[in-house]
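Let's take a friendly walk through this model, strand by strand and then helix by helix. Have the viewer open as you read.

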Amino acid sequence: RVGSYSNLMGGGADIFLENCKAAHLHSSSSTSLVSLDRSNATSIEENDANVGQEINNVVKTTDEESTTSVENIMEKGFAAALRKPYYGSLPNTPPGSSPTKRKVFAHPAREELNTIRFQVLVWYIGPIDVVQGNVAAQVRITLFWNAADSHVETHDRRSIKSFVMQGRKSALERTTTEDAGTAIDVPPVSILNAVSFNVIGSPDISELSRKKRLYRWSCLYKVSLLQDEEDMKVDKFPHDEHHLTIRLGILSARERGGKWDSRKWKLALATEADTKGTIRVPHGMIVDHVKIPEFSFDKDTGLAFSFTPLKHGTGKDDECLRVSLKVRRESSYYDNNIVPILVTLHLVAVSLFSMDANDFFKRGLMLLNITFVEIGLRTSLDRHLPSVGYEIKLQRIMNSFFFSLLFCVFESSVCYFLINRRGWSVETTDAIDSVVALVVLNFGCYQCYLYYKDRKDVHQKSIISS
């Protein structure tokens, strides 16, 4: 049995070595082995008998303690006999006792070794096309990762065959040679919502730590980003808010057993250990000089980072990095110019109810003149409003003021009919005019509240940058 044999070698080895040392010292005191007398031989035989008896006792004890684990046997046997350090697995420790200490070698954290870490810097954001749902930007994408053994390959000089298309029906073979050296696998980053992109300059890769095999890859892109339809809604124009997003992921070699297996390599954000304190926010930020035409954003909040599931990936473990920036439209032009004009025209129209219903021609003509002014204002504004398939808030406000003026013209004609055809008194129609004027005035105030309410909410939610 392994346990019995190991205990025999372990527990009996100490006794055997001590007796052997005693026999050796005894035998060396004589000049030769032949000159030993019988008394010395007898003592040696007695010592041998004692050693044999002790070995038999050890064997019996071993039979009783055969349930001891292999780790305890190796530690108590060979470690005690040979006096060498123990580097095996930790032995089974009885409840309540302290575990045996072992030597632990320091290595990079698991989170660093098994992650591909992103850093995103936004250098420029162009005009936002809410109709097409895209935006132009310049973004620097940086990756950090700790390379595994399978990602570093040393190869000799070799030939690589490739093909070049000739027309649409044939391809020519082209052979190139590659010098000997070390090849490093780089995570193939993909911009998932890019319509088109160009690489500015050339990608840069460097080794930050040879001990940890920490590498950094960085590239500057000029990209046109397609935005989600829900993020491009302008139903609250000119107080609309949008979330500009860029989605990054690793699509290639993410299958089971691949170089970037999604079960082993997770996506994460860059840390201080990666950037060495060279940037205020390790995982990315928007540069201070960035300004978006007709829009503003909160510089204190900046970019928002989150990981979302990747529906078209290789498995359920796939995910992508979503970097978003909340922007809002600058509405000062409409708030301080267009809507005040509409309110002023509305107040002038209400003041015309001071005229009697008998003066329908004068009152109706002036109301129609105000209505045509609003039509001209609406026509000039429609050229600058987003052309979408639904009604936006500013159009709804202008339509409400316009229809309220037409309602005043209609009410004036009814009162004129009641006076001249039904014989109603002017005092009665004046009372009707007073009620209608109060209703129209309150309606205009309510429209102002609906318009400026969203503007107030926008300013309360965040700080508008200059």
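**Strand partners and a helix pair**

In β2, Ile141 is the bridge partner of Val120. This is a predicted model, where local features need pLDDT of at least 70, side-chain atom pairs count only at pLDDT 80 or more, and totals for chains, interfaces and linings use all residues. Residues are numbered from 1 along each chain as its sequence is written, and side-chain values use heavy atoms, with hydrogens and water left out.

Strands here are DSSP runs of E with at least two residues, helices are runs of H or I with at least four, and both are numbered from the N terminus. Two strands pair if DSSP finds at least two bridges between them. Strand β1 (residues 115–129) and strand β2 (residues 134–146) pair in the antiparallel sense over 11 bridges. They form a hairpin with 4 residues between them, and Gly133 in the turn has a positive phi of about 75°.

β1 also has parallel partners. It is joined by 4 bridges to strand β11 (residues 266–269), where Leu267 stands opposite Ile116. With strand β12 (residues 284–286), β1 pairs in the parallel sense over 3 bridges, and Met285 is the bridge partner of Leu121. Of the 15 residues in β1, 11 are buried (under 20% relative accessible area, 1.4 Å probe, protein chains only).

Now turn to the helices. The axes of α8 (residues 360–382) and α9 (residues 393–420) come within 10 Å and cross at roughly 165°. The two are therefore roughly antiparallel to each other (an angle over 145 degrees).

How values were computed
Axes are lines fitted to C-alpha atoms, for helices over the stretch in contact, and angles run from 0 to 180 degrees between N-to-C directions. Angles under 35 degrees count as roughly parallel, over 145 as roughly antiparallel, 65 to 115 as roughly perpendicular and the rest as oblique. Buried means under 20% relative accessible area, exposed over 50%, partly exposed in between (1.4 Å probe, protein chains only).
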